[in-house]
Amino acid sequence: EILAKDVCMQIAAARPEFLDRNAVPADRVEKEMEILKAQAMNEGKPAEIAEKMVQGRIGKFYGEICLVDQEYVKDPSMKVSDLLSSKGAKVLEFARIEKGEGLEKKEENFAEEVAKQING
């Protein structure tokens, strides 16, 4: 029960987009790798060094967007996967809903609204 609450708090606080690396679409990973490689090349690194930098930085990317790869918010020395395995638990899926997400904002023209009230 406490583990489930802690994992829910992790999801709310750290806002993961995916459960694990396997859930991240390949095109998203490719796009991120292109960006990281361009950054490394702009730093003046040779292609082979840039490639190694990309591999290191892609791990950080996964650590930001994948629940099980994130640092556990209550103890950043461990990953969420470490917490789960220490308890013999596994997260199969999760859903995160943000307040106001998906709601359409009603567009109103304040001047028109005032004019309607004045003119009846």
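**Reading the cut-offs behind this fold**

Analyst: Seven salt bridges are found in this structure (a side-chain nitrogen of Lys or Arg within 4 Å of a carboxyl oxygen of Asp or Glu). The model is predicted, so local features need pLDDT of at least 70 and side-chain atom pairs pLDDT 80 or more, while totals for chains, interfaces and linings use all residues. Residues are numbered from 1 along each chain as its sequence is written, and side-chain values use heavy atoms, leaving out hydrogens and water.

User: What makes Lys74 and Asp6 a salt bridge?

Analyst: Their closest N and O atoms are 2.9 Å apart, which is within the limit of 4 Å. The pair links distant parts of the chain, with Lys74 in the loop between β1 and β2 and Asp6 in helix α1, 68 residues apart.

User: Is Asp6 called buried or exposed, and why?

Analyst: Asp6 has a relative accessible area of 11%, so it counts as buried (under 20%; exposed is over 50%, partly exposed in between, with a 1.4 Å probe and protein chains only).

User: And why do Glu17 and Arg28 count as a pair that ties parts together?

Analyst: Their side chains meet in a salt bridge at 2.8 Å, N to O. Glu17 lies in the loop between α1 and α2 and Arg28 in helix α2, so the pair ties together parts eleven residues apart in sequence. Glu17, at 44% relative accessibility, is partly exposed, and Arg28, at 29%, is partly exposed.

User: What about Arg57 and Glu43: which distance makes them a salt bridge?

Analyst: The distance is 3.3 Å, N to O. Arg57 sits in helix α3 and Glu43 in the loop between α2 and α3, so parts 14 residues apart in sequence are tied together.

User: How do you know what span helix α1 should have?

Analyst: Helix α1 covers residues 2-14 (helices are DSSP runs of H or I with at least four residues, strands are E runs of at least two, numbered from the N terminus). The expected span is 1.5 Å times one less than the number of residues. For the 13 residues of α1 that gives 18 Å, and the end C-alpha atoms are 18 Å apart, so the two agree.

User: Which residues of α1 are buried, and where do they lie around the axis?

Analyst: Asp6, Val7, Gln10 and Ile11 are the buried ones. They cover an arc of only 140° around the axis, which puts them on the same side of α1 (the arc is taken from the directions from the helix axis to the C-beta atoms). Ile2, Lys5, Cys8, Ala12 and Ala13 are exposed on the other side.

User: What makes β1 and β2 a strand pair?

Analyst: Two bridges join β1 (residues 71-72) to β2 (residues 75-79), which meets the requirement of at least two DSSP bridges. The strands run antiparallel and form a hairpin with two residues between them. Glu71 stands opposite Lys79 in β2.

User: Which residues make up the largest nonpolar core?

Analyst: Ten residues do: Phe18, Val24, Val29, Leu36, Val54, Ile58, Phe61, Tyr62, Ile65 and Cys66 (a core is a set of buried Ala, Val, Leu, Ile, Met, Phe, Trp, Tyr and Cys residues joined through side-chain atoms within 4.5 Å). Helix α3 gives the most to this core, with five residues. A second, separate core of eight residues includes Val7, Val68, Val80 and Val91.

User: Finally, what makes Arg15 stand out?

Analyst: Its phi is near 50°, a positive value in a residue other than glycine. Most residues other than glycine have a negative phi. Arg15 is in the loop between α1 and α2, and Arg15, Arg96 and Glu98 are linked in a network of salt bridges.
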